[in-house]
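Open the model in your viewer and keep the selection tool ready. Each stop tells you what to select and what is there.

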Amino acid sequence: MSLPLGLAMARWRVVDDFFNPLVAVSLALPIAPLVPVILVAMGLGLLPKVVVIFLFSWVFIVTNVRAGVRTADKSLIDMARSYGASEATVWWRILIPSALPAIFSGLRVGLGRAFAGMVIVELIMLPVGIGALLLDFRGDFRADLLYATVIAVVIEAVLITVVMQFFEKRLSSWR
């Protein structure tokens with residue numbers, strides 16, 4: 001959802017005008033204090049976890065994608081248009097390739113924020129999963145297991161980031 005929204009905001013002024021206030025508010029709004037409100041509104045299932053993780057990450061993805069598409073060379077777009085290129089051709093041949101570094105940068109930042117949101121929602125919610133482990137190990141003064149769990153989450157985040165960097169290099173090999 002964040003990626004298409006960022007692409008649309010970068011390309012069409014009406015979409016940007018509509019969503020820009022929401023993006024500006026979301027950049028300034030701290031999400032962690034909203035977690036209990038979201039839990040009260042949505043209950044204690046999987047949906048509030050997904051919503052909180054999404055809220056932690058979406059704005060960073062949208063802003064990076066929007067900025068990346070906007071940095072595309074306007075003269076290339078104008079030249080492609082003058083030679084009869086369709087909107088789809090402009091997207092696939094000019095806009096997406098030039099925006100790939102910013103898109104992947106936004107995805108990496110969003111991923112890091114998503115992991116932070118995941119840990120926060122696990123700790124604040126009725127603790128289950130990782131949050132329960134962290135609270136149990138803290139309560140039992142099991143620092144070794146507490147740090148091992150935190151390190152496991154960090155390793156998972158690093159592995160996902162490495163996989164994302166692999167795909168970034170594969171997709172932008174033309175650079």
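Select Leu7. Leaving out neighbours within four places in sequence, Leu7 is in contact (heavy atoms within 4.5 Å) with Val65, Val69, Trp91 and Ile96. This is a predicted model: local features need pLDDT of at least 70, side-chain atom pairs count only at pLDDT 80 or more, and totals for chains, interfaces and linings use all residues. Residues are numbered from 1 along each chain as its sequence is written, and side-chain values use heavy atoms, with hydrogens and water left out.

Now select helix 1 (2-11). Helices here are DSSP runs (H or I, at least four residues), numbered from the N terminus. Helix 1 is mostly covered, with seven of its 10 residues buried. Buried means under 20% relative accessible area; exposed means over 50%; partly exposed is in between (1.4 Å probe, protein chains only). The buried ones are Ser2, Leu5, Gly6, Leu7, Ala8, Met9 and Ala10. What do they pack against? Helix 2 (13-28), helix 4 and helix 6.

Next, select Leu7, Val69, Ile77, Val90 and Leu95. Of the 16 residues in the largest nonpolar core, these five touch the most other members. Such a core is a set of buried Ala, Val, Leu, Ile, Met, Phe, Trp, Tyr and Cys residues joined through side-chain atoms within 4.5 Å. Helix 1, helix 4, helix 5 (74-82) and helix 6 (87-124) each supply at least two residues of this core. Which helix gives the largest share? Helix 6, with seven residues.

Move to Ser57, in helix 4 (residues 46-70). Is Ser57 buried or exposed? Ser57 counts as buried because its relative accessible area is 8%. Find a polar atom of its side chain: the backbone oxygen of Ile53 lies 3.2 Å away. Ser57 also touches Gly110, Arg113 and Ala114, not counting residues up to four places away in sequence.

Go on to Phe141, in the loop between helix 7 (130-139) and helix 8. Phe141 has a positive phi of about 55 degrees, although it is not a glycine. Its relative accessible area is 76%, so Phe141 is exposed.

Last stop: Leu159, in helix 8 (residues 143-171). Leu159 is exposed, because its relative accessible area is 54%. Together with Leu159 they make a nonpolar surface patch of about 440 Å².

Definitions and conventions
Patch = residues over 30% accessible without salt bridge, like charges linked within 9 Å, V, L, I, M, F, W, Y side chains within 5 Å. Areas by Shrake-Rupley, 256 points an atom, 1.4 Å probe, with all protein chains shown as cover. Salt bridge = Lys/Arg side-chain N within 4 Å of Asp/Glu carboxyl O. Polar contact = N/O pair within 3.5 Å; in protein donor to acceptor, adjacent residues only side chain to side chain.
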